[in-house]
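Here's a quick tour of a protein model, written for someone who likes distances and cut-offs. Have a look at it first, then read on.

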Amino acid sequence: MFDKLKVFTGNSNPLLADEICHYLHLPVSQAMVRRFSDGEIFVEIAENVRGADCYVIQSTSPPVNDHLMELLIMVDAMKRASAKRITAVVPYYGYARQDRKVAPRVPISAKLVADLFTTAGANRVLAMDLHAGQIGGFFNVPVDHLFAAPVVLDYLRKNLRGEAVIVSPDAGGVERARAIATRLQAGLAIIDKRREKANVAQAMNIIGDVHGKLAVILDDMIDTAGTLTEAARALMEHGAKEVWACATHAVLSGPAMTRITESPISKVVVTNTIPLTEEAGKSEKIISLSVARLLGEAIRRIHMEDSVSSLFV
C-alpha cells in the first residue's frame with residue numbers, strides 16, 4: 001500500500017519523524033545531511049525516489065535559518081531526483097509572526113519563506129497551528145493546515161479538575177480559546193494585553209470571571225514566555241485558584257525557562273512540534289504531548305488521496 005511513500009527528515013526533529021514512521025509502519029528513508037567546513041549544507045538522498053511520493057519532516061525551529069535551508073535543499077535534491085510529489089511537513093513554521101506589515105519599510109517574511117518552499121520544488125505543504133490562518137494563502141501550492149487541538153483537548157478532558165476557565169492571552173487568540181472552551185463546557189476569559197515592543201508584553205486587564213477557578217491560558221506558541229508569565233500573574237491577582245498554560249509550539253527561547261520556573265504557573269502543556277531544550281525536558285512543569293499520530297494520519301490520507309478535513313479541528 002505504501003510502496004511509493006517515502007518519509008525523510010532533517011536535523012530539526014528526528015524523534016518526531018521516528019514516531020510518525022512508527023505510526024505508518026515505515027522506516028525513515030535514508031538521506032545524508034552534512035556541512036562543509038565553511039558551514040554550507042550538503043544533502044544526498046541515499047535511496048531511489050524516482051516516481052515516489054516524498055514527505056520531508058522538518059520544523060524550522062531554532063536555529064531557524066539552518067533548519068530552513070536544510071529543508072529547502074532536501075526538497076531541491078528530491079525534485080532533481082525525479083520524485084513524483086514532494087510534501088514539506090512543517091510542524092512548526094518559522095517566520096510565521098512576520099505575516100503582515102506592522103510598520104513602514106518592514107518585510108513580510110512569512111510570504112518570502114512560502115515563496116522559497118515553492119521555488120525549491122515543494123508540491124504541497126502540511127503545517128500545524130500556523131500563527132495566522134492567512135499564511136496558508138501565501139503559498140502557491142496546496143496547504144493542509146492541521147491543529148493540535150484534538151491532542152490538547154484529550155489531555156485537558158482527562159486532567160482538568162474542578163471549575164475551569166479557558167483564557168486567551170490576547171484578542172487574536174479568542175477564536176481558538178472559545179473553540180476549546182465550548183468543547184470542554186468551560187468558561188472563557190480574555191486578557192487585554194498592551195505590547196510596547198517585540199518580545200515585551202504587559203498584561204493590563206482581564207475580561208471574564210476567573211475567581212476561584214482553574215485558569216488555562218491557551219496560545220499557539222511560547223517564545224520568551226513574557227506574555228505567558230505576565231498573564232499568569234494577572235490571573236492570580238484576580239483570584240484564580242491555579243494557572244495552567246497550553247501551547248502547541250514550545251520555542252522557549254532566551255529567558256523563557258527562568259520566567260516559567262519563577263512564575264505561578266503550575267503546569268505548561270506543549271507538543272513535540274519542536275524538541276524540548278535540555279532545561280525544559282528536565283522541568284517538572286513542562287508536559288510534552290505527541291502530535292505524531294495526527295501528522296502520520298494526515299500523511300497517510302494525503303498519500304491515499306483521502307479527505308484530510310476531519311483532522312482540522
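Just after H9, glutamate 305 takes a positive phi of about 60°. Keep in mind that this is a predicted model: local features need pLDDT of at least 70, side-chain atom pairs count only at pLDDT 80 or more, and totals for chains, interfaces and linings use all residues. Residues are numbered from 1 along each chain as its sequence is written, and side-chain values use heavy atoms, with hydrogens and water left out.

H9 itself covers residues 292-303, so to speak a run of 12 residues, and spans 16 Å from first C-alpha to last, close to the 16 Å expected at 1.5 Å a residue. That expected span is 1.5 Å times one less than the number of residues. Helices (H or I, at least four residues) and strands (E, at least two) are DSSP runs, numbered from the N terminus.

How many of the residues of H9 are buried? It's 10 of the 12, so the helix is largely enclosed by the rest of the structure. Buried means under 20% relative accessible area, exposed over 50%, and partly exposed in between (1.4 Å probe, protein chains only). Among the buried ones are Leu294, Leu295, Ile299 and Ile302, and also Glu297 and Arg301. The cover includes helix H1 (14-24) along with strands E1 (5-9), E4 (53-57) and E5 (85-90).

Helix H1 also holds glutamate 19, which counts as partly exposed at 35% relative accessibility. Neighbours within four places in sequence aside, glutamate 19 is in contact (heavy atoms within 4.5 Å) with Asn272, Ser290 and Ala292. Glutamate 19 and serine 290 are 271 residues apart in sequence, yet 8.6 Å apart in space, C-alpha to C-alpha.

On the domain level, the chain is divided into domain 1 (5-146) and domain 2 (149-289), with bounds from an automatic or database domain assignment. Their C-alpha centres lie 28 Å apart, and 13 residues of domain 1 are in contact with 11 residues of domain 2.

## A buried lysine

Lysine 285 sits in the loop between helix H8 (278-282) and strand E14 (286-289). Lysine 285 is buried yet has no salt bridge; glutamate 262, the nearest side chain of opposite charge, is 9.4 Å away. For charge, Lys and Arg count as positive and Asp and Glu as negative, while His and the chain ends are not counted. What does the side chain of lysine 285 have instead? A polar atom of that side chain lies 3.0 Å from the backbone oxygen of serine 263 and 2.8 Å from the backbone oxygen of isoleucine 265.

## Salt bridges

A search of the whole structure finds 19 salt bridges, each a side-chain nitrogen of Lys or Arg within 4 Å of a carboxyl oxygen of Asp or Glu. Here are some of them.

| Pair | N to O distance |
|---|---|
| Aspartate 66 and arginine 35 | 3.9 Å |
| Arginine 80 and aspartate 76 | 2.8 Å |
| Aspartate 154 and lysine 158 | 3.2 Å |

Aspartate 66 lies in helix H2 (residues 64-80) and arginine 35 in strand E2 (residues 31-35), so that pair ties together parts 31 residues apart in sequence. Arginine 80 and aspartate 76 are four residues apart in helix H2, about one helical turn. Aspartate 154 and lysine 158 are likewise four residues apart, in helix H4 (residues 149-159). Salt bridges that share partners also join Glu297, Arg300, Arg301 and Asp306 into one network.

Conventions: A polar contact is a pair of N or O atoms within 3.5 Å; within protein, one must be able to donate a hydrogen and the other to accept it, and residues adjacent in sequence count only if both atoms are side-chain atoms.
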